[in-house]
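Subject: Structure handover

Hello,

I am passing on the structure below for you to look through. My notes on what was found in it follow.

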Amino acid sequence: LEIAAQAFNGNALITRAVLPYGLKIIGKSAFMDCTALRSVNIPETVTNIGTMAFRNCTCLEDLQYDAVCVVSAVTDIFSYAGAEAELVLTVGSAVQSLPPCLFFSVSGNNSSMLKEIVFEENSSLKSVGEMAFSGCKYIKRIELPSTVEVLGDCAFEGCSNLEYASVPSNASGLDGAFIGVSSDFELDLKVVAVSAYKDILYCAD
């Protein structure tokens, strides 16, 4: 199953998108400028999301992200999403990686209003991509699951109001992930038992 590039681009009537299990590809700019869209889910089966697929969905409030492993190397998937709302991202328990530049936003009046990132229990998350949340200046707190091993460069760069992050102590990339955060930022390193990784599958290209 595939949603074609620009399939719903500019549609100002869609308020909710329920995407089916079995969907594999969301094309470039598929939902770009759907300014009334408030809720969308990304199914586990999605492996490719085109650049700017949900760019400028300014009223987006609820994003359920369940894609296990998106392998397409694109940018700006959700840039400026939720710019006029208070967006909550829920990351499903089966997700193994969050792709680069997922919420990349240039700081300014139209920066994403992503306020909260929630990870479901029994998370399988291993990696957060480069600049995944760069410029998301309204996030104040993040508690990464104990399964996370890799933080991409600038993963939370420019999150200027980020005051607290809980991260596994053995995760790589800590030195470059939190550039430009709040001056009151506290990094809490969690010691992780080896057994936490025994059932985690690796994300293959």
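Asn 122 counts as exposed, because its relative accessibility is 70% and the cut-off for exposed is over 50%. Please keep in mind throughout that this is a predicted model.

Asn 122 sits in the loop between strand E9 (114–119) and strand E10 (127–128). Its backbone is worth a look: phi of Asn 122 is near 60°, a positive value in a residue other than glycine. Most residues other than glycine have a negative phi.

A positive phi also turns up at Asp 33, which is not a glycine either; the value there is about 65°. Asp 33 belongs to the loop between E3 and strand E4 (39–42). Is Asp 33 exposed or only partly exposed? With 26% relative accessibility, Asp 33 counts as partly exposed, since that class lies between the 20% and 50% limits.

The other item is a sheet. Three strands form an open sheet in the order E1-E3-E5, and their pairing is parallel. Strand E1 (2–3) and strand E5 (48–49) are at the edges, where each has a single partner strand, so one side of each has no neighbour in the sheet. Strands of a sheet pair through backbone hydrogen bonds, either parallel or antiparallel.

For the pairing of E1 with strand E3 (residues 25–26), there are 2 bridges in the parallel sense. Which residue in E3 is the bridge partner of Ile 3? That partner is Ile 26.

Regards

Methods: Residues numbered from 1 in each chain as written. Predicted model: local features only at pLDDT ≥ 70, side-chain atom pairs only at ≥ 80, totals over all residues. Heavy atoms only, no water. Pairing = 2+ DSSP bridges. Helix = DSSP H or I, 4+ residues; strand = E, 2+ residues; numbered from the N terminus. Buried < 20%, exposed > 50% of the residue type's maximum accessible area, 1.4 Å probe, protein only.
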